[in-house]
Amino acid sequence: MVATDKRQEIQLARDLIEGKPEAFDRFVEVFRSKVFQYALMMCGHREDAEEVAQDTLFKVFENFDQLRDPERVRPWVFRIARNACYMKRRKSVFAPTQELSLEDFLPHSEGDGSRKLEIADWSALPDDQVLRAELRDVIHQAIQELPEMYRAAIMLRDVEELTTEETAQVLDVSQEVVKTRLHRARLAVRAKLDEYLRRRQSGVAKG
Amino acid sequence: METGKHKHDCKEVFALLSEYLDAELDAERCDEIRKHLDDCPPCIEFLESLKRTVSLCHGCQTAEQPPPLNPEVREKLMAAYRKSMQNRARQGL
């Protein structure tokens with residue numbers, strides 16, 4: 001669970017600051033995996049993600065004396081990882097940013113005069129393993145298709161569960177900018193999920 | 001999402017739904033949205049789908065893992081950690 005993960009990360013950082021090297025391997029294991037997964041979503045290439053994870057950990061340990069507050073370890077590591085990702089910019093995934101407009105995500109009412117929206121029935125989602133795995137794939141694909149600035153916002157805020165303030169620090173933008181990008185990113189991911197669910201529900205209905 | 005004045009309100013609410021979900025709006029704005037939602041089932045339906053999206057994203061990291069750590073790389077990382085701890089000791093921290 002994320003809250004437990006966060007507490008564990010903070011404790012590992014605290015132990016390392018206090019000079020307890022037995023926390024070292026666990027710290028490396030936790031953050032290497034975390035940064036690799038983030039970088040894979042941000043860079044889109046396994047090779048790049050492996051290099052980002054390694055470069056980030058080097059920077060983390062080289063600068064470990066600068067980490068004063070173990071509570072800040074997650075945003076601190078992600079800030080370093082974010083810079084390492086920038087070094088791996090490739091055109092396909094860091095293409096010039098196309099702005100997402102709110103208007104594009106406004107749902108429409110069904111044309112029968114009712115107030116019913118043309119969206120999937122989200123209340124009927126079965127809570128089964130297969131669907132959950134499929135939805136994860138849809139989410140990953142949707143996030144990877146987002147322009148980089150929106151992808152970074154949703155990865156840090158919703159997937160990694162940093163606060164708005166921490167995300168703003170990692171990305172070097174204001175909290176207002178984080179909120180704007182996050183909302184558009186969520187709407188884009190929601191739209192992809194909705195599209196998927198509608199297809200699935202019409203398939204089920206047809207039997 | 002509706003027509004006329006109500007439609008205008010829907011648009012305003014639509015723009016603020018994430019901040020509403022994240023409890024990042026001031027009390028006055030929050031009340032306005034709550035009041036609108038009380039009277040607008042389509043906005044509630046949309047809000048629920050957005051809420052579900054956010055909860056599905058939580059902790060939704062890819063299942064991919066990096067290859068095992070090369071022992072030489074581990075040694076280099078450990079050396080960097082030791083060096084930076086010596087700096088910390090020199091700074092009297």
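This tour moves through the structure one selection at a time.

**Before selecting anything**

The model is predicted; local features need pLDDT of at least 70, side-chain atom pairs count only at pLDDT 80 or more, and totals for chains, interfaces and linings use all residues. Residues are numbered from 1 along each chain as its sequence is written, while chains are lettered from A and ligands numbered from 1 in the order in which they are written. The scores of the model are ipTM 0.89 and pTM 0.90.

**Select chain A**

Chain A contains 8 helices and 0 strands (helices, H or I, of at least four residues and strands, E, of at least two are DSSP runs, numbered from the N terminus). Along the sequence, the pattern reads α-α-α-α-α-α-α-α. Of its 207 residues, 37% are buried; a residue is buried if 20 or more other C-beta atoms lie within 10 Å of its own, exposed if 12 or fewer, and partly exposed in between, with C-beta atoms placed from the backbone.

Colour chain A by pLDDT, the predictor's confidence in each residue, from 0 to 100. The mean for chain A is 89, and 89% of its residues reach 70 or more. Where pLDDT is low, the predicted coordinates should not be read in detail.

**Select the two domains of chain A**

Select residues 2-87 for domain 1 and residues 102-206 for domain 2; such bounds come from an automatic or database domain assignment. The C-alpha centres of the two domains of chain A are 27 Å apart. Between them, 10 residues of domain 1 are in contact with 13 residues of domain 2, where contact requires that the C-beta atoms of two residues, placed from the backbone, lie within 7 Å.

Which helix provides the largest share of the side of domain 1 of chain A that touches domain 2 of chain A? That share, 5 residues, comes from H4(A). On this side of domain 1 of chain A there are 6 nonpolar, 1 polar and 3 charged residues. In this scheme Ala, Val, Leu, Ile, Met, Phe, Trp, Tyr, Cys and Pro count as nonpolar, Asp, Glu, Lys and Arg as charged, and the others, Gly among them, as polar.

**Select helix H5 of chain A**

H5(A) has 17 residues and reaches 24 Å from its first C-alpha to its last, close to the 24 Å expected at 1.5 Å a residue; the expected span is 1.5 Å times one less than the number of residues. Display Ile139(A), Ala142(A) and Ile143(A), which are buried. These residues lie on the same side of H5(A), because they cover an arc of only 95 degrees around the axis; the arc is that of the directions from the helix axis to the C-beta atoms. An α-helix has 3.6 residues a turn, so residues three or four places apart point the same way. Now turn to the face of H5(A) away from its buried side, where Val130(A), Ala133(A), Asp137(A) and Gln141(A) are exposed.

**Select both chains**

Here 45 residues of chain A are in contact with 39 residues of chain B. The elements of chain A that give two or more residues to this side are H2 (24-43), H3 (46-62), H5, H6 (148-159) and H8 (175-206). By class, the side of chain A that touches chain B has 24 nonpolar, 9 polar and 12 charged residues.

Next, centre the view on Leu117(A), in the loop between H4 and H5 of chain A. Leu117(A) is partly exposed, with 18 other C-beta atoms within 10 Å. Not counting residues up to four places away in sequence, Leu117(A) touches Pro107(A), Ser109(A), Pro42(B), Glu45(B) and Phe46(B). Leu117(A) and Pro107(A) are 10 residues apart in sequence and 6.7 Å apart in space, C-alpha to C-alpha.

**Select chain B**

Chain B has a mean pLDDT of 90, and 90% of its residues reach 70 or more. How many of the 12 residues of H2(B) are buried? The count is 1.

Most residues other than glycine have a negative phi, and most peptide bonds are trans. Select Glu161(A), in the loop between H6 and H7 of chain A: its phi is positive, near 60 degrees. Then select Ala23(B), in the loop between H1 and H2 of chain B, whose phi is also positive, near 55 degrees. Glu161(A) is partly exposed, with 17 C-beta neighbours inside 10 Å, whereas Ala23(B) is exposed, with 7.
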